[in-house]
Amino acid sequence: MKELIQGNQAIYLGAKKAGISFYAGYPITPASEIMHEFAKSDVKFIQAEDEIASINLCIGASLGGGKVMTATSGPGFSLMQESIGYAHMAEVPMVIVDVQRVGPSTGMPTIGAQQDVMQTRYGSHGDYFPIVFYPNSVEECFKLTIDAFNAAERTMSPVVILSDAYIAHLFETFDVESVEVDVINRERKPLGELSGQHFTGLLHESDGTLKTMDSDFYNKWIVEKKNNVDKVANDYDFYDYFENENSDTLLIGFGVVSRVLNSLKDKYAIFRPIRMFPVVEELKSIAEKYKKVVVVEMNSGQYKSVVSGVLGKEVEGVSIFGDVSKEVILNKL
Amino acid sequence: MSEINYTKFVKTEKLPGVWCDGCFVPALLMQSAVVFDQLKFKNSDTAVVSGIGCTGRIAGYFNLDSVHSIHGRAASVAEGIKTQNPKMNVVVISGDGDLLSIGGNHLLHTSRRNPDITVICYNNEIYGLTGGQTSPETRKGNITLTSPQGSKFNRLNAQKIVSSNDKYFYGRTAIFNLDHFKKVLSEALKHKGFSFIEVMGFCYETDGRRRGYKKPLEMIEEMKKSYSVTEEQGELKDNELGINKN
């Protein structure tokens, strides 16, 4: 049966469907509705003293065998960054939702933005390779949350769901029961059943033996780490593409912006990355068909620089804030 | 004194470990392992979590599943483990810099939420791993790398923080009195709810040398003179070792 559901609520429902057992978070606009849902639910729930505690509570519960999630916005996501690196190093699966608002700093808390794109990729110190999804509908919030939990289990790493204030507070109807996504469960046993396993943020072998002075080991390890993520990510190479043979221009947009771009598909070709990172491979062959590539985003050109790097040429960018409308975008193109 | 058996809970093959000569963190490791054994903990139902620092390296030496978390967040990780696995014995062991400085906020709130975990704070009054900077437990007037004219501030009072809650367990013991340590740790582990014990210790290499001590034993002898054990109930005075709980 179709129901009227909000974007943030759909993320909660997706997490429930994926088998979440623990949620910790700290109130922040525009992400709070997610934690309100968990507070009412039967999922183990802690309102933490800050976002650093939130993610570390999640790390503990995940190592304890649970499927875990936390949700926040830019300021909280910044506070979590050190722990995100830890979770990549120590192999702790979890899902982190970042519902973006305008920054830097406290910025414009109720206005949606897409300014954390690079923070998802490079926010923590050191090199790591996160999988990042960005839904643009309420139904997709639900589905991608399940995919994010699955990808986290398969990479034993944090997976990020980007959202924005508009998608978060959007109400749409869909039938939760009609969405078919398999759920992948934890292979690793919980703490207590691992015969003396040591989890650490220091460089280590799979059994926990430290390798803090071994550069050769690091060089092999970092390649393996990237390959492992890429291999899993390949099964989630989600994107939308509207070809347009009459246009020489490819517009790239994601999240709420992509909904507006869709209304321009008669005039332009449209590409929407759903998996933001690692960048979907197909983008290269699609972009080749067009003379001009323009990334339209609610920031000052973050994904534009990513796309430029992937395509090996400088692409154009359109930055929009506040008025995310067809007219504003057309005016800037 | 009961038989000392630490082998069940210590990865003895990894000893003597990363610590300097004259450091008493290994004593903390061994004696905690003895208490786990005395309380009939199992390797499969106990987890040790540590933060960052000299004491933070202790987790990897326990013969059980352990977590060496980031700086200051061990209590949060421990509460997460306990919430997910309520039957598990979850013990945090870390230093004063980790638990009381960078991790201070989590001490306030983890103790307030009162999960059934035990936090052991090895208080050596200094940041040792980074070479000897002032910690929140450095004594006023002590010279460190970051207080060359002497530390200007009073020490943080962990007892007052922990005992500000309605229900609490605060224990203070010392690394030179291992029988007392084992007694206090045992009580803390048996306590239902959040228990916090401070183990008064020292660091010869990065603190004692600078302050003119010729060997670790001199620091121990001085500590022995300055602390006394009390069986009295209620708030512990600064020089008292004992248990303050409600």
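Two residues are taken to be in contact if their C-beta atoms, placed from the backbone, lie within 7 Å. The structure is a predicted model, in which local features need pLDDT of at least 70, side-chain atom pairs count only at pLDDT 80 or more, and totals for chains, interfaces and linings use all residues. Residues are numbered from 1 along each chain as its sequence is written, and chains are lettered from A and ligands numbered from 1 in the order in which they are written.

Between the two chains, 28 residues of chain B are in contact with 33 residues of chain A. On the side of chain B that touches chain A, β2, α2 (74–84) and α4 (104–113) of chain B each supply at least two residues; helices (H or I, at least four residues) and strands (E, at least two) are DSSP runs, numbered from the N terminus. The largest share, eight residues, comes from α2(B). By class, this side of chain B has nine nonpolar, 14 polar and five charged residues, where Ala, Val, Leu, Ile, Met, Phe, Trp, Tyr, Cys and Pro count as nonpolar, Asp, Glu, Lys and Arg as charged, and the others, Gly among them, as polar. Strand pairing also links the chains: β10(A) and β2(B) pair in the parallel sense over three bridges, with pairing assigned if DSSP finds at least two bridges between two strands. Phe199(A) has Val67(B) as its bridge partner in β2(B).

Within chain B, Val67(B) of β2(B) is also the bridge partner of Val49(B). Strand β1 (residues 46–50) of chain B pairs in the parallel sense with β2 (residues 66–68) over three bridges and with β3 (residues 89–95), again in the parallel sense, over four bridges. Val48(B) stands opposite Val91(B) in β3(B). Five of the five residues of β1(B) are buried, so the strand is largely enclosed by the rest of the structure; a residue is buried if 20 or more other C-beta atoms lie within 10 Å of its own, exposed if 12 or fewer, and partly exposed in between, with C-beta atoms placed from the backbone. In a regular strand the side chains alternate between the two faces of the sheet. In β1(B), Thr46(B), Val48(B) and Ser50(B) are buried on one side, and Ala47(B) and Val49(B) on the other.

In chain A, helix α4 (residues 74–90) has 17 residues and should span 24 Å at 1.5 Å a residue, which agrees with the 24 Å between its end C-alpha atoms; the expected span is 1.5 Å times one less than the number of residues. Just after α4(A), Glu91(A) takes a positive phi of about 65°.

Further backbone features occur in loops. The peptide bond from Gly103(A) to Pro104(A) is cis, with omega near 5°, and Pro104(A) lies in the loop between β5 and β6 (108–112) of chain A. In that loop, Ser105(A) has a positive phi near 55° and counts as exposed because it has 8 C-beta neighbours inside 10 Å. Glu125(B), between β4 (118–123) and β5 (126–127) of chain B, has a positive phi of about 65° but is buried, with 23 other C-beta atoms within 10 Å.
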